[in-house]
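Have the model open as you read.

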Amino acid sequence: MGLYGSLLMLLLLLPLMLSVKIQAQSPGTSARSLDRLLQDYAYKAFMNPKTGLPYDGEVPSNLTGIKVSALRLRSGSLYTRGVDSYKEFEIPVGVTEKPYVERLVLVYQNLGNWSLSYYPLPGYTYLAPVLGLLAYDAFNLSATNLPELSLSASDRPILIKFQDVNSVPVGSTPQCVSFDLQGSPLFSNVLSENVCSTVTQGHFSIVIASVAPSPAPGTPLSPPKPKAGGGGGKKNNSKVWKIVGSVIGGVALLVLLCFLISCIHKYNQRKKIRQMETAADVGEALHMTSIRDTRAPTAMGTRTQPVLEHEYVP
């Protein structure tokens, strides 16, 4: 029964293992986990911090290319004075946070070459790295996994003046994109040159639609010529066949496991029957004989042999 139970457990865990493998091959490390990690490293940059001064943090080597900074402010000062320049962000007066805190920390993020990894945007190409601005409570500067505060600009929007922006290809129109805390994108127009705006916190960048330009008027459309030595179609077919082969292999493995479990189950049943028959034979006290349709016990011999009382025989 131990082997039977092990195989049954393997059969039940096989779909889970296949799903874990598929998830491991698919991109999409949690951007929310990155926010929590960067909040921790940003707070570690505070060494005898002064209010109103930004402090750059250091990220681990496996996140090289990402920049993080922290700025501690009084809530009243943020509302009445704003922040003229905090990296690429310009925060006007009238910005409030919910829930209200006496002091808050603005954590700046520059995801650099990790932008596409944490914020994939199919159909678009990034012209600038993804920048983040998130607000946290400053009551405990050694705290981790803090929830974000909700920033809200009332009078004027917060401006993002991107510095590291690639040139716009001819025929393309740049757009601002912002991601909320759930990762949902929202597109808007670029204000002027490389400037975008927002009324709340989040992650921001400039993108263009990555669509092939339409042919010039009067140019006849011709089907694409296949490339020598195979092309994208063959590669796609190869991927499809690999997926089909994996599925067929998994089904065949399941069938084989089911057949093996069935054989082991039948073997165990037969073994039990043989053990019961052997036990019955050993425990039988008398031999059995058939009398018509009935089986009854019978003795093989008598206990005492008969002896004549005298020698006279009539």
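F89 has I160 as its bridge partner in β10. Strands here are DSSP E runs of at least two residues, numbered from the N terminus, and two of them pair if DSSP finds at least two bridges between them.

This is a predicted model, where local features need pLDDT of at least 70, side-chain atom pairs count only at pLDDT 80 or more, and totals for chains, interfaces and linings use all residues. Residues are numbered from 1 along each chain as its sequence is written, and side-chain values use heavy atoms, with hydrogens and water left out.

| Strand | Residues | Bridges to β10 |
|---|---|---|
| β13 | residues 195-198 | four, antiparallel |

As for β10 itself (residues 158-161), I158 and I160 make up its covered face, while L159 and K161 are on the uncovered one.

Now the second largest pocket, with a volume of about 210 Å³. A pocket is an open set of points on a 1 Å grid where a 1.4 Å probe fits, with protein on both sides within 12 Å along at least five of seven lines; lining residues have an atom within 4 Å of a point. The lining includes K67, V68, S69, Y108 and N110. β2 (67-74) and β6 (103-110) are the elements that give two or more residues to this lining, and β2 gives the most, with three.

Technical notes
Buried means under 20% relative accessible area, exposed over 50%, partly exposed in between (1.4 Å probe, protein chains only). Grid points are joined across faces, edges and corners, and a volume is the space filled by probe spheres set on the points.
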